[in-house]
Amino acid sequence: MIELNAKNERPQALDLDRYLPALITWVNNKYSADSSRIYRKYFGIGIADWRVLAYLGVKETGTGAEMSDFLGMDKAAISRSLQFLGTLGFVELAKQQGRKSVMRLSDAGIRMYNEVLQIALTREEVMLKGLSEDERTTLFDLLHRVHENLQDVMAMYRDEEAAGS
């Protein structure tokens with residue numbers, strides 16, 4: 001465990017406007033909460049359900065574990081969403097691989113995906129307003145590079161965890 005010694009110590013300065021984890025979190029939390037509100041109102045699904053629909057709309061098939069890894073979502077949340085979307089008739093079993101269920105969108109799921117996608121893309125366009133095509137390209141390139149660095153960030157302190165520290 002990391003030793004903390006806060007006796008007579010003052011908090012260090014942290015510029016939240018230039019602290020990437022905070023900025024990404026704020027954008028994601030606000031956007032996701034508002035998206036969930038809209039998707040629930042108009043389609044009866046939440047943001048987690050949309051993420052699963054979007055994954056299957058793009059990748060065509062996937063297991064819960066694959067979705068969890070790709071989306072960075074908890075496997076239990078994926079499982080709940082798959083179960084809910086299944087009761088609505090939006091996802092179905094594509095094939096069984098041992099104990100793994102490979103899921104896909106049903107015809108109704110494809111229609112739902114396409115409808116929600118139009119709103120999602122319109123909202124994205126509004127979020128990117130004022131950015132030129134070059135700025136958009138740069139933004140996406142930078143975010144992809146940051147995403148690639150996550151593996152190194154996530155590996156930090158794993159040795160200590162494995163050793164029981």
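Buried means under 20% relative accessible area, exposed over 50%, and partly exposed in between. The legends below describe a predicted model.

**View 1. A salt bridge between E125 and R136.** The closest N and O atoms of E125 and R136 are 2.9 Å apart. E125 lies in helix α5 and R136 in helix α6 (residues 133-155), so the pair ties together parts that are 11 residues apart in sequence. E125 has 43% relative accessibility and therefore counts as partly exposed. R136, with a relative accessible area of 11%, is buried.

**View 2. A salt-bridge network of D34, R37 and R123.** D34 forms a salt bridge with R37, the closest N and O atoms being 2.8 Å apart. R37 and D34 both belong to helix α1, 3 residues apart, or about one turn of the helix. D34 also forms a salt bridge with R123, again with the closest N and O atoms 2.8 Å apart. This second pair links distant parts of the chain, with R123 in helix α5 and D34 in helix α1, 89 residues apart. R123 is buried at 17% relative accessible area, whereas R37 is partly exposed at 48%.

**View 3. The largest nonpolar core.** The core has 25 residues; among those that touch the most other members are Y39, W50 and M67. Helix α2 (47-59) gives the most to this core, with 7 residues. The contacts of M67 include V52, L56, I78 and M103.

**View 4. An open sheet of 3 strands.** The strand order is β1-β3-β2, with antiparallel pairing. β1 (61-62) and β2 (91-97) are the edge strands. 2 bridges join β1 to β3 (residues 100-105), and R104 in β3 is the bridge partner of T61.

Definitions and conventions: Residues numbered from 1 in each chain as written. Predicted model: local features only at pLDDT ≥ 70, side-chain atom pairs only at ≥ 80, totals over all residues. Heavy atoms only, no water. Pairing = 2+ DSSP bridges. Helix = DSSP H or I, 4+ residues; strand = E, 2+ residues; numbered from the N terminus. Core = buried A, V, L, I, M, F, W, Y, C linked by side-chain atoms within 4.5 Å. Buried < 20%, exposed > 50% of the residue type's maximum accessible area, 1.4 Å probe, protein only. Contact = heavy atoms within 4.5 Å. Salt bridge = Lys/Arg side-chain N within 4 Å of Asp/Glu carboxyl O. Lists of a residue's contacts leave out its neighbours within four places in sequence.
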